[in-house]
Amino acid sequence: MDTLIQPAHKVMIIEDDLGISSLLASQANSMNLHVNCANCVQDAINQLKTYEPDLVLLDLGLPDADGKTFIKTFRLNFDHPILVISSRTHESEKVDALNAGADDYLTKPFGLNELKARMNALLRRHQAQNSAVQLMQLGDIEVDWQRRIITKKGEPVNLSPIEFEILNILATSRGKVVTHRNLLAKVWGGAHTDDHHYLRIYMGHLRRKLENDPTQPQYLLTVAGVGYRLEV
Ligand code: CA
């Protein structure tokens, strides 16, 4: 059975010290993670519109606000792990950051091996937590999200990485409409939110591969003028 290549986990580094930021980025790259950097809280919050990180590395002393402000905003919508990396060593700082919703705390200066070990531990734990919801059944279609294996009537179905991502986004909001704009921004980035033809092409591919009758879809439904919805 064919499996698809797992896309890299995404990391967001929020740090105003460029030296530390690039050190963290090079470590994340060496772990085959995809990296986006932000240098203040507002920059990071703006990036969340189009970049959903699997792990956040967060400094606390940022130029526009305290890093804890970011933690509180992030936790309204996301449960992905946050590792605080700060030169603040006082216990009350750690307690406050953890209470705000951080998952772990590393004090500067830090060892690179410890950094990597903590990042890996957080990613692993998060993946394990989610593995309970890693299987989806749609009629005779079965999706194993973690192993990225899709079968229809027991036969393997090969989806391209983009097709898989679209299906995954629709499944995350199962039953609810996902707007064209939202889908385009998540899959292709903020510069493509008006390129509706991309979606028509890829939804066509997905329907041909998954639906019994692609012209009368049962699962991948069009919500005219708005977006798409996965019927479950
Ligand atoms: Ca700082």
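The donors of the calcium ion follow the spacing D-x42-D-x1-G along the chain. They are D16 (OD), D59 (OD) and G61 (O), which coordinate the ion at 2.2 to 2.4 Å. Donors are here N, O and S atoms within 2.8 Å of the metal, or 3.2 Å for Na, K and Ca; water is not among the atoms, so sites may look incomplete.

This is a predicted model, in which local features need pLDDT of at least 70 and side-chain atom pairs count only at pLDDT 80 or more, while totals for chains, interfaces and linings use all residues. Residues are numbered from 1 along each chain as its sequence is written, and side-chain values use heavy atoms, with hydrogens and water left out.

**The calcium site in the chain**

D16 and G61 link distant parts of the chain, being 45 residues apart. D16 stands in the loop between β1 (10-14) and α1 (18-30), whereas G61 stands in the loop between β3 (55-58) and α3 (67-77). Helices (H or I, at least four residues) and strands (E, at least two) are DSSP runs, numbered from the N terminus. D16 is partly exposed, with a relative accessible area of 34%, and G61 is partly exposed as well, at 36%. The terms are defined by relative accessible area: buried means under 20%, exposed over 50%, and partly exposed in between (1.4 Å probe, protein chains only).

**Salt bridges**

How many salt bridges does the structure hold? The structure holds 15 salt bridges, each defined as a side-chain nitrogen of Lys or Arg within 4 Å of a carboxyl oxygen of Asp or Glu. Side chains of opposite charge can pair when their charged atoms come close. The table gives examples.

| Salt bridge | Distance, N to O |
|---|---|
| K68 and D66 | 3.3 Å |
| K68 and E93 | 3.7 Å |
| R229 and E231 | 2.6 Å |

K68 lies in helix α3 and E93 in helix α4 (residues 91-100), so this pair ties together parts that are 25 residues apart in sequence. K68 counts as buried, at 15% relative accessibility.

In the pair of R229 and E231, whose side chains meet at 2.6 Å, R229 counts as partly exposed at 24% relative accessibility. E231 likewise counts as partly exposed, at 29%. Salt bridges that share partners also join D66, K68, R88 and E93 into one network.

**Cysteines**

A disulfide is a covalent bond between the sulfur atoms of two cysteines. The criterion applied here is a pair of cysteine sulfur atoms within 2.5 Å, and a search of the whole structure finds 0 disulfides. C37 is in no disulfide, and its nearest cysteine sulfur, that of C40, is 13 Å away. C40 is in no disulfide either, with the sulfur of C37 as the nearest, 13 Å away. Is each of these cysteines buried or exposed, or in between? C37 is partly exposed, with a relative accessible area of 37%, whereas C40 is buried, with a relative accessible area of 16%.

**Residue N120**

N120 has its place in helix α5 (residues 112-130). At 36% relative accessibility, N120 counts as partly exposed. N120 and L55 are 65 residues apart in sequence, and their C-alpha atoms are 9.7 Å apart in space.
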